[in-house]
Amino acid sequence: MLPDLLSALLLLVGAAFFFAGTVGLLRFPDIYTRLHALAKADNLGLGCVLAGLALQADSLAVALKLLAIWPLALIASAAVGYSIARRAARLGVAPWQETQKERQP
Amino acid sequence: MTRRRQTSSASTIRSALRRAGIFALFWLMAAEGNLSAWPLAVAGIAAATAASLWLLPAKTLPPISAGGLFRFLVWFVRQSLAGGWQVARLALQPRLALRPACIELPLSLPPGLPRLLFTAALGLMPGTLGVRLQGDTLLVHVLDREQPLADDAARLADRVAAVFEETR
Amino acid sequence: MNLDIGALSLALAVFLLLNLGAALWRAARGPTPADRMLAALLFGSTGVGILVLLAFAGGHPALVDVALVLALLAAITGIAFAQRAWQKPGEEDDAA
């Protein structure tokens, strides 16, 4: 009963972080800030979902397999995130600033 | 890839055994402990070990401290939780409270794996994202230009340096 | 009280699919080519999340292996991307 409750909680919290990542992607003003939202919030969401499901696994091996997905996803996000940010900088995409008047020379 | 024929065979054998052990653990996990396909496993582990020694010879890898790596991972997981929490809050709160900026950060870590780990980890920590490396400076995009980037980066650099210290 | 984790997993898988749809729409709209590259990030996290949830929702444990392979491929793709972007000291910046 208790593992089920903890699982359900982790799954819901994970879904909430995925949702926050999507909202950030839709709301944030430029590619750099959207990258922050996706790379960080989605990974935390995935980590919670994986932990919640690992509690439900029939065997230790399945639980470990689920948990092994997380570092892979972190590596992917870190590497792809850096590559996209760098590509954007090379394309000359200027970072958004909150008031256009304050923009530095 | 640089090929170093003069690599001492003893250290190559040691790292081959170590890597084969790691691959064997991976296989055990993927096969859920089922040993019935062991010939396939032996072939796969041998192929993986050979490929890893060819692509990443023992000498090109700086020595890694197990304790340092463990402490780094524990600290990093906590940091990435904080990073996800912070950006989720920023995304969901009604007023968009972003004050982003790009800041140049001088790097103290040596080039290669330590810098790679630093840049990758920085992208998952609260409010920071590496954008471009030029020489010894990394351009970092921050969500809040008031955040103490230099302090956070120094702390991360210390943790990364501890991973590559020769203390086993 | 009886918690049905399978049903919850299915509901959350559908919820993540909606998230993925909205995010892909955003990525497709751009406006810059870099925005469209966000799709590569989305499948590594949201796609993997949907797969593991479906594995528990429908009782198809093999989907966990699919998720593991997808995550592995995402990591390799990411490293390959980053290696191209990784600048060695003294090298020209705009090589590609």
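L6(A), L9(A), V13(A) and L55(A) together form a nonpolar surface patch with about 330 Å² of accessible area. Patches are built from residues with over 30% relative accessible area and no salt bridge, like charges being joined within 9 Å and nonpolar side chains (Val, Leu, Ile, Met, Phe, Trp, Tyr) within 5 Å. Accessible areas come from the Shrake-Rupley method with a 1.4 Å probe, and for residues only the protein chains shown count as cover. This is a predicted model, in which local features need pLDDT of at least 70 and side-chain atom pairs count only at pLDDT 80 or more, while totals for chains, interfaces and linings use all residues. Residues are numbered from 1 along each chain as its sequence is written, chains are lettered from A and ligands numbered from 1 in the order in which they are written, and side-chain values use heavy atoms, with hydrogens and water left out.

L55(A) has a relative accessibility of 39% and so counts as partly exposed, the class between buried (under 20% relative accessible area) and exposed (over 50%), with a 1.4 Å probe and protein chains only.

The confidence of the model is expressed as pLDDT, the predictor's confidence in each residue, from 0 to 100. Chain A has a mean pLDDT of 85, with 94% of its residues reaching 70 or more. In chain A, confidence is highest in helix α2 (residues 31-54), at a mean of 91, and lowest in helix α3 (residues 60-90), at 88. Over residues 101-105 of chain A, pLDDT stays under 50, and the model has five contacts beyond four places in sequence for these residues; contact means heavy atoms within 4.5 Å. For chain C the mean pLDDT is 80, and 84% of its residues reach 70 or more.

Six salt bridges occur over all chains, each defined as a side-chain nitrogen of Lys or Arg within 4 Å of a carboxyl oxygen of Asp or Glu. One of them joins the side chains of E32(B) and K65(A), at 2.9 Å from N to O. This pair crosses between chains, from the loop between α1 (9-30) and α2 (38-55) of chain B, where E32(B) lies, to helix α3 of chain A, which holds K65(A). With a relative accessible area of 1%, K65(A) is buried, whereas E32(B), at 36%, is partly exposed. K65(A) and E32(B) are also linked with D65(C) in a network of salt bridges.

Another salt bridge lies within chain B, where the side chains of R115(B) and D136(B) meet at 2.8 Å, N to O. The pair links distant parts of the chain, 21 residues apart: R115(B) is in helix α4 (residues 113-122) and D136(B) in the loop between β2 (128-134) and β3 (137-142). R115(B) is buried at 4% relative accessibility, while D136(B) is partly exposed at 48%.

Three aromatic pairs are present over all chains. Rings of Phe, Tyr and Trp (its six-membered ring) pair if their centres lie within 6.5 Å; planes under 30 degrees apart count as stacked, over 60 as edge-to-face and the rest as tilted. The ring centres of F17(A) and W85(B) are 6.3 Å apart and their planes stand at 70 degrees, so this pair is edge-to-face. It crosses between chains, from helix α1 (residues 2-27) of chain A to helix α3 (residues 66-92) of chain B. By contrast, the rings of F72(B) and F76(B), with centres 5.9 Å apart and planes at 5 degrees, are stacked. Both residues lie in helix α3 of chain B, four residues apart, about one turn of the helix.

Helix α1 of chain A also holds T22(A), a buried residue at 8% relative accessibility. Not counting residues up to four places away in sequence, T22(A) touches N19(C), A22(C) and A23(C).

Chain C itself has four helices and zero strands, and 42% of its 96 residues count as buried. L70(C) lies in its helix α4 (residues 62-85). Beyond its neighbours within four places in sequence, L70(C) is in contact with F43(C), G47(C), V48(C) and L51(C).

Notes. Helices (H or I, at least four residues) and strands (E, at least two) are DSSP runs, numbered from the N terminus.
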